[in-house]
Amino acid sequence: MCGIVGYVGGRASIDVLMNGLKRLEYRGYDSAGVAVIAEDGTLSTRKRAGKLAVLSEDIAEQPLPDSTTGIGHTRWATHGGPTDENAHPHLSADGKLAVIHNGIIENFAAIRDELAGEGYTFASETDTEAAAILLGREYERTGDLREAFKAVVGRLDGAFTLLAVHQDEPDLVVGARQNSPLVVGLGQDENFLGSDVAAFVEYTRFALAVGEGEMVAITPEGVEVTDFAGNPVQSTPFEVQWDASAAEKGGWSSFMAKEISEEPDAVANTVRGRVADDGTVRIPELEGLDDLFRDISRVIIVACGTAAYSGMVSKYAIESWTRLPVEVALSHEFRYSDPVVDASTLVVSISQSGETMDTLMAVKYAAERGAKTLSICNTQGATIPRESDAVVYTHAGPEVAVASTKAFVAQITALYLFGLHLASVRGSLSTEKIIEETAELQAVPEKIAEVLTQHDEIAQLAHWMSDTRSVLFLGRHVGYPIALEGALKLKELAYIHAEGFAAGELKHGPIALIEPGQPVFVMVPSPRGSQTMHAKIVSNIQEIRARGARVIAIAEEGDVAVLPYADSVIRVPLASPLFEPLLTVIPTQIFAMELSEAKGLDVDQPRNLAKSVTVE
Ligand code: F6R
């Protein structure tokens with residue numbers, strides 16, 4: 001959840017650290033801090049509660065000494081509230097060593113007791129400080145940061161990425177990871193560490209993923225990766241596919257506004273290179289893996305939040321195309337439910353970050369029980385794809401706004417491609433049908449672009465409704481997960497009560513919530529897809545309208561049946577039913593973003609949230 005950056009080289013470290021933290025701020029934004037080793041060999045730290053801007057202003061007013069080595073941290077509080085004291089870095093007892101940490105050290109209380117018994121005192125309530133003091137004690141014993149670090153990481157339980165510097169070894173930053181992300185940026189006479197490549201992509205596009213249970217030491221001259229016992233480990237560098245400008249706002253009012261505008265590209269780029277000349281799906285990453293998918297008898301999708309809703313949408317398509325049963329499980333529920341998982345199960349995880357701890361644990365659980373695992377992921381070098389048998393990357397580009405938008409449509413796109421691939425491998429769909437569905441997917445970017453042209457009308461609706469305290473969302477079939485997703489976006493961004501329901505469920509309870517003026521978004525399925533479903537939704541609309549609801553229908557162009565009953569209609573272009581969610585979700589995202597802006601809230605960094613949830 002926290003963002004971590006480390007640097008050693010020839011540049012002013014404070015600039016590299018602050019730029020890196022700016023790009024990682026989406027990971028946590030309740031406090032931030034840096035530690036640098038000054039040219040005179042002393043360690044200086046600065047840390048402040050609040051967003052990164054607070055730390056930035058503080059440093060601008062009272063600059064830190066010149067330095068070319070340092071570590072920086074942006075925090076999402078777990079142990080101890082967001083205060084200056086609890087912000088990272090934390091120091092050893094002699095103040096010569098600084099540590100930053102992402103994750104939770106589960107046995108910190110025992111370590112703290114042990115150190116307290118030896119007379120050490122603590123300035124914060126954090127688990128991290130226990131590690132810092134312990135590391136300081138080990139440094140006193142060994143006089144060597146790498147050795148001291150090795151002694152400490154082996155003692156820690158839980159999930160952590162830990163970075164440390166010591167003023168007596170000014171050209172060295174050490175790091176370790178266990179169930180929490182860490183990537184190395186490879187430069188010329190300089191090297192970087194980051195929670196993800198965004199931390200350093202401005203300086204280098206060459207990176208190295210540090211594996212589970214591995215440590216790394218960076219100096220200006222080189223990078224050494226070892227396991228926790230100190231044995232060398234071979235890692236293969238990779239090139240980051242996007243450049244630094246992709247992670248910048250580029251004139252938009254928010255990252256979210258930019259990311260919503262990029263949705264046509266997110267879909268197009270995810271499809272690109274995966275359609276053969278004959279119009280069928282060809283996923284290069286899955287070549288040679290047909291056996292993995294041929295013998296499965298069921299699919300379980302594991303994911304959280306928005307990613308889980310993309311799984312719920314995709315379930316309909318994958319089942320329809322492959323005739324395999326598909327179940328969607330929230331990752332954190334999955335492994336505690338004693339699920340039926342065996343070698344004939346394919347577990348598909350969906351994760352934008354590729355680091356969500358709940359999802360990672362679900363994948364590991366499934367793999368341990370012999371299941372095959374496939375990752376749908378947006379972040380190269382992330383942990384979940386590394387832990388999976390196969391990966392299909394979404395090419396949405398970096399998603400910086402904390403609430404997910406473009407990754408959602410890219411996830412559905414990748415899952416649809418995979419569904420068609422699976423249908424082809426298993427022979428469950430004719431080639432003609434595969435070509436037809438693939439062509440429909442290729443047409444989606446242009447249709448999303450058409451929906452985006454209604455931005456101003458949707459914004460106006462949101463501004464009129466800025467005093468609204470509750471909004472309901474209804475949908476059927478693939479419209480149901482969109483109702484859930486629409487409600488989630490509104491909760492996250494505008495902090496108002498919102499709920500999504502399967503429209504058929506209305507009469508079984510939720511209709512009691514309808515009172516005069518209650519806004520209800522309704523995802524209206526195409527009458528061309530299913531007359532029955534369309535007719536049923538129209539009668540649901542009539543039922544709520546009769547009770548005074550204010551109906552906002554999201555319906556396809558030319559559907560006049562909704563006109564007499566809807567207060568507002570947002571149009572989406574014609575698409576066959578399975579592809580409608582890729583269009584109907586867009587107005588709900590724009591609405592939530594605009595309502596948040598109308599209320600003067602921070603669209604990109606909603607309260608209490610972090611983009612990458614790396615604790616369980
Ligand atoms: C909501 C949102 C979250 C994430 C969820 C999973 O807008 O962004 O619900 O979808 O935390 O994150 P990833 O996809 O990184 O595993």
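This note goes through the fold, the backbone and the charged side chains of the predicted model shown above.

1. Overall form. The model is a predicted one, and its chain contains 19 helices and 24 strands. The radius of gyration of the chain is 25 Å, which agrees with the value near 25 Å that a compact globule of 616 residues would have. Along the principal axes, the C-alpha trace spans about 75 × 55 × 40 Å.

2. Among contacts with a separation of 6 or more, 71% are made by residues 24 or more positions apart.

3. Charge. The chain carries 50 positive and 86 negative side chains. The centres of these two sets lie 5 Å apart.

4. A cis peptide bond. Most residues other than glycine have a negative phi, and most peptide bonds are trans. Against that background, the bond joining His-88 and Pro-89 is cis, with an omega of about 0°.

5. Arg-323 has a phi of about 60° and sits in the loop between α9 (305-322) and β16 (326-330); its relative accessibility is 64%, so Arg-323 counts as exposed. Tyr-495 has a positive phi of about 55° and belongs to the loop between α17 (479-494) and β21 (497-502). With a relative accessible area of 23%, Tyr-495 is partly exposed.

6. Salt bridges, and the pair Asp-58 and Arg-46. Side chains of opposite charge can pair when their charged atoms come close. A search of the whole structure finds 32 salt bridges. In one of them, the side chains of Asp-58 and Arg-46 meet with an N to O distance of 2.8 Å. This pair links distant parts of the chain, since Asp-58 lies in helix α2 (residues 52-61) and Arg-46 in strand β3 (residues 43-49), 12 residues apart. Both partners are buried: Asp-58 has a relative accessible area of 13%, and Arg-46 has one of 15%.

7. The pair Lys-406 and Glu-262. Lys-406 forms a salt bridge with Glu-262, and the closest N and O atoms of the two are 2.7 Å apart. Because Lys-406 lies in helix α13 (residues 406-426) and Glu-262 in the loop between α6 (255-261) and α7 (263-271), the pair ties together parts that are 144 residues apart in sequence. Lys-406 is buried, its relative accessible area being 1%, and Glu-262, at 18% relative accessibility, also counts as buried.

8. A network of charged residues. Glu-114, Glu-118, Arg-137, Glu-138, Arg-141 and Arg-155 are linked in a network of salt bridges. Within this group, Arg-137 forms a salt bridge with Glu-138, where the closest N and O atoms are 3.3 Å apart. Arg-137 counts as buried at 18% relative accessibility, and Glu-138 counts as buried at 9%.

9. Arg-274. This residue is found in the loop between α7 and α8 (290-294), and at 2% relative accessibility Arg-274 counts as buried, since the cut-off for that word is under 20%. Leaving aside neighbours within four places in sequence, Arg-274 is in contact with Thr-280, Val-281, Arg-282, Ile-283, Pro-284, Glu-285, Val-392, Tyr-393, His-395 and Leu-417.

10. Lys-258. Lys-258 is found in helix α6 and is buried, with a relative accessible area of 8%. When residues up to four places away in sequence are not counted, Lys-258 touches Ser-245, Ala-246, Glu-248, Lys-249 and Trp-252.

Key
Residues are numbered from 1 along each chain as its sequence is written. This is a predicted model: local features need pLDDT of at least 70, side-chain atom pairs count only at pLDDT 80 or more; totals for chains, interfaces and linings use all residues. Side-chain values use heavy atoms; hydrogens and water are left out. Helices (H or I, at least four residues) and strands (E, at least two) are DSSP runs, numbered from the N terminus. The radius of gyration is taken over C-alpha atoms; the globule rule is 2.2 Å times the number of residues to the power 0.38. Contact means heavy atoms within 4.5 Å. Lys and Arg count as positive and Asp and Glu as negative; His and the chain ends are not counted. The place of a charge is taken as NZ of Lys, CZ of Arg, CG of Asp or CD of Glu. Buried means under 20% relative accessible area, exposed over 50%, partly exposed in between (1.4 Å probe, protein chains only). A salt bridge is a side-chain nitrogen of Lys or Arg within 4 Å of a carboxyl oxygen of Asp or Glu.
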